[in-house]
Amino acid sequence: METCSFGDEIEERESKISHLAIDIGGSLIKLVYFSRDDKCSTGDQWINSSNEGGDVSSSESTCPILEGKLHFAKFETSKINECVEFIRSKKLHHSGGGAYKYTDLFKEELGVALDKEDEMNCLVAGANFLLKTVRHEAFTYLDNKKEFEPIDQNDLYPYLLVNIGSGVSMIKVDGDGKFERVSGTNVGGGTYWGLGKLLTKCKSFDELLELSHHGNNRVIDMLVGDIYGGLDYTKIGLSATAIASSFGKAINKDLEEYRPEDISRSLLRLISNNIGQISFLNALRYGIKRIFFGGFFIRGHPYTMDTIAVGVHFWSKGEAKAMFLRHEGFLGALGAFVSYGKSRSDDIIVHCLVERSLVCTPCRGAAVDTVDGNMDESETIECCVYPS
Ligand SMILES: Nc1ncnc2c1ncn2[C@@H]1O[C@H](COP(=O)(O)OP(=O)(O)O)[C@@H](O)[C@H]1O
Ligand SMILES: CC(C)(COP(=O)(O)O)[C@@H](O)C(=O)NCCC(=O)O
C-alpha cells in the first residue's frame, strides 16, 4: 500500500475541493477528499483553538475553520486508470511532491506529484481519528447484531489494530503516533479473493462474497462431529459443529462436484477464523482486551464479522473483544489525510480534522443514529478542518 496526499484548493461547480488523500493498495485504491461548503468558503469563520475542546490544534493563535464534507471512493488497483479519470473529472488533482510507484502515471496523466506518507503511520492515524472523532464508528457484532459502542477517550489505549487488506498487519497502538507492528499474516483478503476466484471462477469480489451468503461450509469442512460419530469432544471443549479441518472433506470429490457457494463460504470461514485466532494470540501476548478490525476484506459482511467475533470470544474465553469499524477500508487514506503536513511546516495544510457535530451545530452526516448497513460510499462525514 502506498499512502499519499496532496493539498490546495480546486474550484468545483458546487463546492471547493481542497485536500485529497489516496491509498494505493495491492487490491484497491482508496480516495478520501474534502470539499468545503460554499457558505464557509469565505474563510471568515474563526475560532480560538485554545478555547475549543478536543485535540484541535497545538497552536495558541486563532485560525479559520473550513466546514465541509469528507468523501470516500474506491477503485480496483488493476483499474487505476478509472481512478485517474475520476480524479480528473472531479478536478481533485493539484500540487505536491515525492516519487513512488505510481508517480509517473499521476505525473503524466494529471500533472501532479505524490507526497508519500508512511503506511503504518497512516493506518494508525486513520484508526485513531475515527475512534476519537466519529460517533457511531466502532461496533461489536454478536448474535447477528451490530451494536455501536461509544469510545471512552481515556480508555482507548492500548488496542490491537488488525488491518485485513490483501495481507494482514497487526499493530499494537499505544497512543497518537505510538505503535508497534507486532505481527501479520500473508493469509488475508488477497488470499480469499485469489483462491476464491480460482476455485469458483467468479468474476468479481462482490460475486464471490454474494456466493458465500448461500453456501454451507459443512459440505466441505470436516467437523469435529464428522470425526467423533456426531458427538462433541466435551473433554477438550469442542462441540460437534466446530470445524476440525477446513476443506477437510474436499479430498472426497472433484472440484466440479462442489458448489461454488459452499467453496466460497468455507474459504471465507477459513480465512476469517485464522485471522481471528492470530489476532487473539497477539492480544494475549500484550494483555490487550480490545481488537479493532479494519481493511476492505471485511466489507461489513455479517458472516465474516461473526466468524471473527465468535473466534475471538471463544479463544479468549470472553476476555477479549472484537470490534469493527464503519469506515473499515479507509484507515490508510484517512490517515494520510489527517497526517498530511504534520511533517511539513511551510504549507497550507490540514492541521486537524474534527467531525463537525462535535464542534459546530447543526450536525448531520455520517454520525446518524440509524446506521445499520454497510457504509455507503456516497455517504460523507461532515467535518471541520483547521488549517495551520
Ligand atoms: N471490489 C473489490 N475488489 C477486490 N477486492 C475487494 C473488493 N472489495 C473488497 N475486497 C477485499 O479487500 C481486500 C483489499 O483490502 P484493502 O484494505 O483495500 O487492502 P489493500 O490496501 O491491500 O488493497 C481484497 O484482497 C479483497 O479481499
Ligand atoms: C505488506 C502489507 C503491509 C501491505 O499492506 P496491504 O496492501 O495488504 O494492506 C500487508 O500485506 C502485510 O502486512 N502482509 C503480511 C506480511 C506478513 O507479516 O507476513
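Student: What makes up the domains of this chain, and how do you know where their bounds lie?

Tutor: The chain is assigned domain 1 (2-118 + 329-387), domain 2 (138-213 + 260-325) and domain 3 (221-257), and these bounds come from an automatic or database domain assignment. This is a predicted model, in which local features need pLDDT of at least 70 and side-chain atom pairs count only at pLDDT 80 or more, while totals for chains, interfaces and linings use all residues. Residues are numbered from 1 along each chain as its sequence is written, and chains are lettered from A and ligands numbered from 1 in the order in which they are written.

Student: How do you know which residues of domain 1 and domain 2 are in contact, and how many are there?

Tutor: Two residues are in contact if their C-beta atoms, placed from the backbone, lie within 7 Å, and 11 residues of domain 1 are in contact with 13 residues of domain 2. The side of domain 1 that touches domain 2 has four nonpolar, six polar and one charged residues, where Ala, Val, Leu, Ile, Met, Phe, Trp, Tyr, Cys and Pro count as nonpolar, Asp, Glu, Lys and Arg as charged, and the others, Gly among them, as polar.

Student: What makes a residue part of the shell around ligand 1?

Tutor: A residue is near a molecule if its C-beta atom, placed from the backbone, lies within 6 Å of it, and 19 residues surround ligand 1, the closest being G25, G165, S166, G189 and F296. At least three residues of this shell come from each of domain 1 and domain 2, and α4 gives the most, with four residues.

Student: Why are β9 and β12 called edge strands?

Tutor: Strands (E, at least two residues) and helices (H or I, at least four) are DSSP runs, numbered from the N terminus, and two strands pair if DSSP finds at least two bridges between them. The open sheet has seven strands in the order β9-β8-β16-β15-β10-β11-β12, with mixed pairing; β9 (145-148) and β12 (178-185) each pair on one side only, so they are its edge strands. Strands β10 (159-164) and β15 (290-294) pair in the parallel sense over four bridges, and L161 stands opposite F292 in β15.

Student: What angle do α7 and α8 make, and how is it defined?

Tutor: Axes are lines fitted to C-alpha atoms, for helices over the stretch in contact, and angles run from 0 to 180 degrees between N-to-C directions. On that basis α7 (260-286) and α8 (302-315) pack at about 40°, with their axes 8 Å apart.
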